[in-house]
Amino acid sequence: MRALDRRPEAPLLECGAWDAGLEIAANAAGWPDDGMLVPLNIGASVSCQAGAGAWAVVPPDELLPAEASFAVVRAPHWLGRTGVEWVVRAAARALPPGGLLALLGDRARGIESLRRRLTPMVGPIIDRAAAEHRRLYVFERQVEDPPPQQFAWTSTQRIAGRKVNLCRHPTLFSPTRVDPATALLAENLPDNDGRWLDLGCGSGALTVAAARPDRELTALDWSYAAVETTRRTLAANGVEADVLLADGGPSGEEAFDVTLCYPPFHVGPRVDHGPAARLIRAACNCLQADGELRVVLTSAQSPRDLLQPHFREISPVASAHGARVFSCRQPTAARGRCR
Ligand SMILES: C[S@@+](CC[C@H](N)C(=O)[O-])C[C@H]1O[C@@H](n2cnc3c(N)ncnc32)[C@H](O)[C@@H]1O
């Protein structure tokens, strides 16, 4: 952003923020100390709040039209093409006509093809800068009514032999199809009744697959869009469940007989198995002593690293296309004490 020769007008905005980097950079550059950070999940929200100073941290659905004068998007390439486009559109909607949108990203991550697709949705590029593989484009918002995002917001899928009306969101995991590992877990659920938790529910496919009259379902995710999309998926299938926005496990004393989990490969810009480890720990912490975690791991995820520290009994249940489903029982620590 140092490449910009103009001083942005307040309020500033970062859409899809995962930390308070923009606020810190703005302070260092002597820009106005008035802005908003819009994270996509509550983990990012906590990181934003830690450094936000006077800036507001606002969930995406509370961002108002024309609320900011200058918006920044550090292209969140790990969300894929549709996710990045959704974030840019949300940032553009928050600008008045004539407002400026700065898009930063890597050449190797497709920033140039993204830039070409954005002009018809936002407006012309009025400034640009380059440093090695990094690119910065500044768009002026001139398009008042961009065409809607080309995205299948709903679809009907067969999951574990059941017809499921799936709602979707561009920023969620596997936004255009049911991931094969999700399908494998759905096909290999335990037969128990009782209290079930879908931990990291995404768009709610596993919650619907688990629905049975003798099960009390809870779905949980830390992504704002996931919680909203799961609620819509459940309504579209006539399934009832508590849907919680939380980081890791539920905050209360609830204990579950069965927890389902497809842990993330990474969250945010770096590939990192820490988020998967945190979710497995959370699963362990909210299981009944005789409960079961039924989990699917991809070939890049190690059962030895992720599961063995927390469970004494780990049995393979199914595998296909590099994904493996495990049944995990007998937590190594008392409930709430897995670290
Ligand atoms: C691999 S996706 C699986 C989504 C869904 N269960 C499916 O199979 O399509 C992992 C999910 O975990 C969620 N997640 C990651 N870290 C989390 C955390 N700390 N707390 C709650 N949810 C988390 C992500 O938002 C994402 O929806």
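Guide: Start with a sheet. An open sheet of 7 strands runs in the order β3-β2-β1-β4-β5-β7-β6, and its pairing is mixed. The edge strands, each pairing on one side only, are β3 (56-57) and β6 (125-131). Strands here are DSSP runs of E with at least two residues, helices are runs of H or I with at least four, and both are numbered from the N terminus. Two strands pair if DSSP finds at least two bridges between them.

Visitor: Before we go on, what kind of model is this, and how are residues numbered?

Guide: It is a predicted model: local features need pLDDT of at least 70, side-chain atom pairs count only at pLDDT 80 or more, and totals for chains, interfaces and linings use all residues. Residues are numbered from 1 along each chain as its sequence is written.

Visitor: How many bridges join β1 to β4?

Guide: Strand β1 (residues 12-15) and strand β4 (residues 70-74) run parallel, joined by 3 bridges. Glu14 stands opposite Val72 in β4. On its way to β5, β4 has 5 bridges, again parallel. There, Val73 has Leu103 in β5 as its bridge partner.

Visitor: Is strand β5 largely enclosed or open?

Guide: Strand β5 (residues 100-106) is largely enclosed by the rest of the structure, because 5 of its 7 residues are buried. Count C-beta atoms, placed from the backbone, within 10 Å of a residue's own: 20 or more others means buried, 12 or fewer exposed, and in between partly exposed.

Visitor: Which helix lies across β1, β2 and β4?

Guide: Helix α1 (residues 21-29) does, running at about 155° to β2 (35-38). For such angles, axes are lines fitted to C-alpha atoms, for helices over the stretch in contact, and the values run from 0 to 180 degrees between N-to-C directions.

Visitor: How is the protein chain divided into domains?

Guide: Domain 1 covers 12-140 and domain 2 covers 154-331. These bounds come from an automatic or database domain assignment. Taken over C-alpha atoms, the domain centres are 30 Å apart.

Visitor: How many residues of domain 1 are in contact with domain 2?

Guide: 16 residues of domain 1 are in contact with 13 residues of domain 2. Contact means that the C-beta atoms of two residues, placed from the backbone, lie within 7 Å. On the domain 1 side, α2 (42-51) and α3 (80-93) are the elements that give two or more residues. α3 gives the most, with 6 residues. By class, that side has 9 nonpolar, 5 polar and 2 charged residues. Nonpolar covers Ala, Val, Leu, Ile, Met, Phe, Trp, Tyr, Cys and Pro; charged covers Asp, Glu, Lys and Arg; the others, Gly among them, are polar.

Visitor: Which strands form the open sheet that includes β10?

Guide: The order is β12-β11-β10-β13-β14-β16-β15, 7 strands with mixed pairing. The edge strands are β12 (242-245) and β15. From one strand to the next, the twist averages 20°. β15 and β16 pair in the antiparallel sense over 8 bridges. Ala320 has Ala323 in β16 as its bridge partner.

Visitor: What should I look for in the backbone angles?

Guide: Most residues other than glycine have a negative phi, and most peptide bonds are trans. Now the exceptions. His321 has a positive phi of about 50° although it is not a glycine. His321 sits in the loop between β15 (311-320) and β16 (323-331). Gln330, also not a glycine, has a positive phi of about 55°. Gln330 lies in strand β16. A cis peptide bond joins Ala10 and Pro11, with omega about -5°. Pro11 is in the segment before β1.

Visitor: Is His321 buried or exposed?

Guide: His321 is exposed, because 12 other C-beta atoms lie within 10 Å. Gln330 has 14 C-beta neighbours inside 10 Å, so it counts as partly exposed.

Visitor: Last, which residues come nearest to the ligand?

Guide: Phe173, Thr182, Gly200, Gly202 and Trp222 come nearest, of the 22 residues around the ligand. A residue is near a molecule if its C-beta atom, placed from the backbone, lies within 6 Å of it. α6 (205-210) and α8 (274-285) each supply at least two residues of the shell. α8 gives the most, with 3 residues. The shell has 11 nonpolar, 7 polar and 4 charged residues.
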